[in-house]
Amino acid sequence: MTHSIIKQCLQKDYAGNHLDGLKSLWQDVTWPSSKQEIWRYAKLHWLNEPWELVAQKETQQAYDVYLTQYDLLSNETDLVSMQGKFLPNKVDEIACFSHGHLDMKKVTWSDDFFNQLGWLGLSDWANIEVAEGKYLDQQLHCILDEEKKWQNVKLTIHVKKNAHLRLRINTISAQAVTNLSINVQVETGGSCQIISWASPQSKLLMDHNIDLKDRAEFRYDALNFEAAWCHERIYMMVGSHASAHLAGLLLPSSGQSDHKAIHAHHIAPAGQSMQKFYSVANGNGLAAFHGRAIVGHEAPKTDARQLARALMLSKACEVYSRPELEIDIDDVQCQHGSSIGELDTKALFYLRSRGIDLNQAKAMLIEGFIEEIVSDLDQSVQSWIRSRIAKHEIGKV
Amino acid sequence: MFSVSNLHASVDDKKILKGIEIDVKPGEVHAIMGPNGSGKSTLANLVAGKDGYTLDEGSIIFNGQDISGLEPEERACLGIFLAFQYPVAISGVNNMVFLQAALNSVRQARGELPLDAMDAIAFIKDRMKLVEMKSDLLQRSLNAGFSGGEKKRNEILQMLVLEPKLAILDETDSGLDIDALKTVSDGVNHMRSPDRSFIIVTHYQRLLDHIKPDFVHVLKDGKIIKSGNYELALKLEKEGYGWLDQ
């Protein structure tokens with residue numbers, strides 16, 4: 001799956017004629033190039049450093065340092081994946097939780113190496129199962145220190161009938177690549193909300209598969225705007241009367257890129273889906289949104305919407321926006337919209353005519369644009385996200 | 001306090017203003033009337049420093065300083081305020097946050113300490129009473145979803161908050177019902193003082209019934225073709241602009 005998104009990002013029709021620019025973003029990643037090298041890589045970085053040798057106390061201190069750095073509180077932490085291994089910090093009795101390493105021997109070579117990397121081997125994994133009718137609020141930190149090159153995390157989430165999960169995932173990996181895969185199944189009447197954030201300069205490959213049963217509700221907020229690069233693919237199946245809201249902020253400045261590839265497949269009647277992604281690009285940053293909503297003939301009364309808006313703050317930045325609808329049946333409501341532009345000069349003059357200087361006026365307009373996404377976030381993270389956006393300084397030249 | 005002399009200006013290489021002379025002394029109210037396309041709004045935008053308006057000749061003097069080369073925010077900080085004919089709606093920018101930012105920018109330029117959030121709210125809410133503005137409009141995005149009347153009240157509120165030395169009202173009366181017109185006018189009259197001046201751009205005499213001008217100028221084809229007092233506004237309302245061509 002991961003392999004496919006890389007290929008997709010590199011396709012000429014997806015990223016225009018900027019193949020070289022995209023490739024350059026990957027230069028600092030050590031990619032195994034042959035079967036032998038893969039095994040050597042795995043052995044060096046995974047098998048020879050057994051986690052049992054790392055003292056729990058040291059680990060705790062280490063992640064406390066990381067969390068403090070990003071204004072995150074360790075006492076709010078529920079799960080930690082530290083350097084590639086899950087450490088349950090607080091296991092709620094409501095959840096059925098299991099974790100561990102997958103068996104290395106399951107890895108076999110094929111052309112689709114990255115697919116296997118995410119699904120079979122070299123991964124640490126956790127299952128979160130929320131029992132019927134229960135509510136669980138969890139915070140997960142995926143932390144990888146600077147010595148590691150890779151972090152593979154696989155989460156399997158099962159929200160049972162009428163159960164509810166709110167999960168906040170913070171990926172902290174300054175120098176490493178995090179390969180995060182999330183499989184979500186929400187049963188009838190259940191709801192699941194996931195908020196994803198990544199620390200500055202993180203490198204993310206994300207691959208999510210979402211399965212929404214009847215009347216299930218799902219919300220995903222992609223807030224990995226501080227990452228050096230982020231390639232994120234979401235494949236979602238929307239059941240009868242189920243609803244899904246996918247939103248995100250892409251704020252790439254110089255040297256950063258952010259790609260979202262979303263595929264919402266309505267497979268039953270009366271489902272709703274919304275894809276709402278806002279981008280602000282500066283420097284030579286690159287933002288790409290490719291959203292698809294597919295409404296099959298078996299899905300009448302579907303309401304599928306897509307909205308992609310983007311601001312370009314520099315001449316060198318790049319924004320690609322491709323909201324697509326594929327509709328096989330008449331009785332549906334579908335909308336898609338896309339806009340890309342610069343800061344509104346009339347609005348800038350209005351603010352400046354009140355004594356607000358040019359830089360502050362620009363910052364206010366950018367914040368105002370972004371606020372349409374932020375004000376719609378879960379109340380508990382709004383102020384923290386605003387502070388992260390302020391530190392990101394997207395409007396700074 | 002404020003004067004323009006031999007003012008020539010163009011927009012997109014089209015000459016709009018062709019030699020305007022105005023001298024506004026402290027405490028005076030000047031009304032500028034004129035048919036559509038005569039250059040009234042161009043004059044207002046030019047004084048406020050909007051991009052795209054080119055000063056071809058002449059000068060704009062404010063308190064002894066030529067302000068024609070200054071940025072819009074520098075002019076505002078000197079005490080020039082433009083109430084927009086069409087206030088811009090800015091989604092996502094909180095009205096209160098905007099007002100506080102503007103207030104503190106101008107206060108700092110005047111050498112005053114910035115107000116903290118609590119003091120700023122108290123100050124702004126006090127001014128809101130003068131224009132009978134609903135307090136919930138403070139928490140909404142700037143002018144977004146505001147009615148025409150609410151936008152114009154918000155313009156006058158900004159003027160009351162920023163306390164400029166020269167306020168230019170560009171067709172503030174357009175789109176206002178009778179009650180709103182009186183409320184807005186009361187806000188302006190509250191601001192009148194011996195050291196504050198106004199330039200009121202309008203099509204109609206009805207606003208001038210509430211804000212009595214000291215001088216009325218008729219602008220046509222980029223030139224002031226007639227100046228007088230309030231009686232001139234009454235005559236224009238009654239007879240139109242045609243008699244001026246004779």
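This is a predicted model: local features need pLDDT of at least 70, side-chain atom pairs count only at pLDDT 80 or more; totals for chains, interfaces and linings use all residues.
**View 1. Chain B meets chain A.** On the chain B side, 30 residues are in contact with 19 residues of chain A. The size of an interface is often given as the accessible area lost when the parts come together. Here, chain B and chain A bury about 1,900 Å² between them, and carbon and sulfur atoms account for 67% of that area.

**View 2. Helix 3 of chain B crosses helix 4 of chain B.** Helix 3 spans residues 95–109 of chain B, and its axis comes within 10 Å of the axis of helix 4 of chain B. The two axes cross at roughly 100°, so helix 3 of chain B and helix 4 of chain B are roughly perpendicular to each other. From helix 3 of chain B come Met96(B), Leu99(B), Gln100(B) and Leu103(B); they meet Ala117(B), Ala120(B), Ile121(B), Phe123(B) and Ile124(B) in helix 4 of chain B. Sorted by class, this contact of helix 3 with helix 4 of chain B has eight nonpolar residues, one polar and no charged.

**View 3. Helix 4 of chain B packs on helix 5 of chain B.** Helix 4 (residues 117–128) and helix 5 (residues 148–162) of chain B have axes 9 Å apart and pack at an angle of about 125°. That angle makes helix 4 of chain B oblique to helix 5 of chain B. The crossing of these two chain B helices is right-handed. Phe123(B), Ile124(B), Arg127(B) and Met128(B) make the contact from helix 4 of chain B, with Leu157(B), Leu160(B) and Val161(B) on the helix 5 side. By class, the contact of helix 4 with helix 5 of chain B has six nonpolar, no polar and one charged residues.

**View 4. Asp13(B) sits in a loop between two strands.** Look for Asp13(B) between strand 1 (2–11) and strand 2 (14–24) of chain B. Asp13(B) is not a glycine, although its phi is positive, at about 65°. The residue is exposed, with a relative accessible area of 79%.

**View 5. Glu171(B) sits in a loop between a strand and a helix.** The loop holding Glu171(B) lies between strand 9 (166–170) and helix 6 (178–191) of chain B. Glu171(B) has a positive phi of about 50°, although it is not a glycine. With a relative accessible area of 9%, Glu171(B) is buried.

Notes: Residues are numbered from 1 along each chain as its sequence is written. Chains are lettered from A and ligands numbered from 1 in the order in which they are written. Side-chain values use heavy atoms; hydrogens and water are left out. Helices (H or I, at least four residues) and strands (E, at least two) are DSSP runs, numbered from the N terminus. Buried means under 20% relative accessible area, exposed over 50%, partly exposed in between (1.4 Å probe, protein chains only). Axes are lines fitted to C-alpha atoms, for helices over the stretch in contact, and angles run from 0 to 180 degrees between N-to-C directions. Angles under 35 degrees count as roughly parallel, over 145 as roughly antiparallel, 65 to 115 as roughly perpendicular and the rest as oblique. A crossing is left-handed if the near helix is turned anticlockwise from the far one by less than a right angle, and right-handed if clockwise. Contact means heavy atoms within 4.5 Å. Ala, Val, Leu, Ile, Met, Phe, Trp, Tyr, Cys and Pro count as nonpolar, Asp, Glu, Lys and Arg as charged, and the others, Gly among them, as polar. Buried area is the accessible area (1.4 Å probe) that two parts lose on being put together, summed over both.
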